Amino acid sequence: MSNPDKDRFLNPISNFRGEFSPQNLAFNANLQEFTNRISIICALETGGKISSNEAYQQIKELWNKLDTSRQNLLGDD
């Protein structure tokens with residue numbers, strides 16, 4: 001598998017659907033990255049590569065980053 005093919009396989013990106021604005025588009029990209037990273041963390045935990053506590057901490061950190069992104073991009077409190 002070539003590098004671009006491998007990257008598309010490991011980090012799939014779906015087309016944006018919804019009301020277009022630069023902020024919505026950026027948040028959608030952040031949300032897709034979040035879900036991809038969550039899937040990887042869950043697979044690592046299920047496979048015994050990381051502990052449940054480590055997975056929880058990583059997911060919590062990703063959630064906080066996503067929430068900050070939402071607040072900055074969309075202006076929600």
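Me: Which residues does Leu73 touch, not counting residues up to four places away in sequence?

Reply: In this predicted model, Leu73 touches Gln23, Ala26, Phe27 and Asn30 when residues up to four places away in sequence are not counted. Leu73 itself is found in helix 3. The C-alpha atoms of Leu73 and Ala26 are separated by 7.7 Å, although the two residues are 47 residues apart along the chain.

Me: Why is Leu73 called partly exposed?

Reply: The relative accessibility of Leu73 is 28%. Buried requires a value under 20% and exposed a value over 50%, so Leu73, at 28%, counts as partly exposed.

Me: What makes Pro22 exposed?

Reply: Pro22, placed in helix 2, has a relative accessible area of 55%. The cut-off for exposed is over 50%, and Pro22 is therefore exposed.

Me: Why is Asn28 called buried, and with which side chain does the side chain of Asn28 make a polar contact?

Reply: Asn28 has a relative accessible area of 19%; the limit for buried is under 20%, so Asn28 is buried. Asn28 lies in helix 2, which covers residues 22–46. Its side chain makes a polar contact with the side chain of Gln32 at 2.7 Å, a value that is within the 3.5 Å cut-off.

Me: What is the state of Ala29, and what is its relative accessible area?

Reply: Ala29, also assigned to helix 2, has a relative accessible area of 40%. As that value falls between the 20% and 50% limits, Ala29 is partly exposed. Ala29 and Phe16 are 13 residues apart in sequence and 8.4 Å apart in space, C-alpha to C-alpha.

Me: How do you know that the side chains of Glu61 and Lys65 meet in a salt bridge?

Reply: The N to O distance is 3.4 Å, and the criterion asks for a side-chain nitrogen of Lys or Arg within 4 Å of a carboxyl oxygen of Asp or Glu; the pair therefore qualifies. Glu61 and Lys65 are four residues apart in helix 3 (residues 52–74), so they are separated by about one helical turn. Glu61 is partly exposed, with a relative accessible area of 46%.

Me: How many salt bridges are counted by this rule?

Reply: The count comes to two salt bridges. Asp67 and Arg70 also meet through their side chains, at 2.6 Å from N to O, again within the 4 Å limit. Because Asp67 and Arg70 are three residues apart in helix 3, about one helical turn separates them. Asp67, at 24% relative accessibility, counts as partly exposed, and Arg70, at 22%, is also in that class.

Me: Why are helix 2 and helix 3 described as roughly antiparallel?

Reply: The two helices pack at an angle of about 180 degrees, with their axes 10 Å apart. Angles over 145 degrees count as roughly antiparallel, and helix 2 and helix 3 are therefore given that description. Among the residues that meet across this pair are Phe27, Phe34 and Ile41 in helix 2, and Ala55, Leu62 and Leu66 in helix 3.

Me: Which residues make up the largest nonpolar core?

Reply: Eight residues make up the largest nonpolar core: Phe27, Phe34, Ile38, Ile41, Ile50, Ala55, Leu62 and Leu66. Helix 2 and helix 3 are the elements that give two or more residues to this core, and helix 2 gives the most, with four residues. Ala55 is in contact with Ile41, Glu45 and Ile50, leaving aside its neighbours within four places in sequence.

Me: What pattern does the protein follow along the sequence, and what percentage of its residues is buried?

Reply: The pattern is α-α-α, with three helices and zero strands. Buried residues make up 17% of the 77 residues. Among contacts between residues at least 6 apart in sequence, 51% join residues at least 24 apart.

Methods. Residues are numbered from 1 along each chain as its sequence is written. This is a predicted model: local features need pLDDT of at least 70, side-chain atom pairs count only at pLDDT 80 or more; totals for chains, interfaces and linings use all residues. Side-chain values use heavy atoms; hydrogens and water are left out. Buried means under 20% relative accessible area, exposed over 50%, partly exposed in between (1.4 Å probe, protein chains only). A polar contact is a pair of N or O atoms within 3.5 Å; within protein, one must be able to donate a hydrogen and the other to accept it, and residues adjacent in sequence count only if both atoms are side-chain atoms. A nonpolar core is a set of buried Ala, Val, Leu, Ile, Met, Phe, Trp, Tyr and Cys residues joined through side-chain atoms within 4.5 Å. Contact means heavy atoms within 4.5 Å. Axes are lines fitted to C-alpha atoms, for helices over the stretch in contact, and angles run from 0 to 180 degrees between N-to-C directions. Angles under 35 degrees count as roughly parallel, over 145 as roughly antiparallel, 65 to 115 as roughly perpendicular and the rest as oblique.
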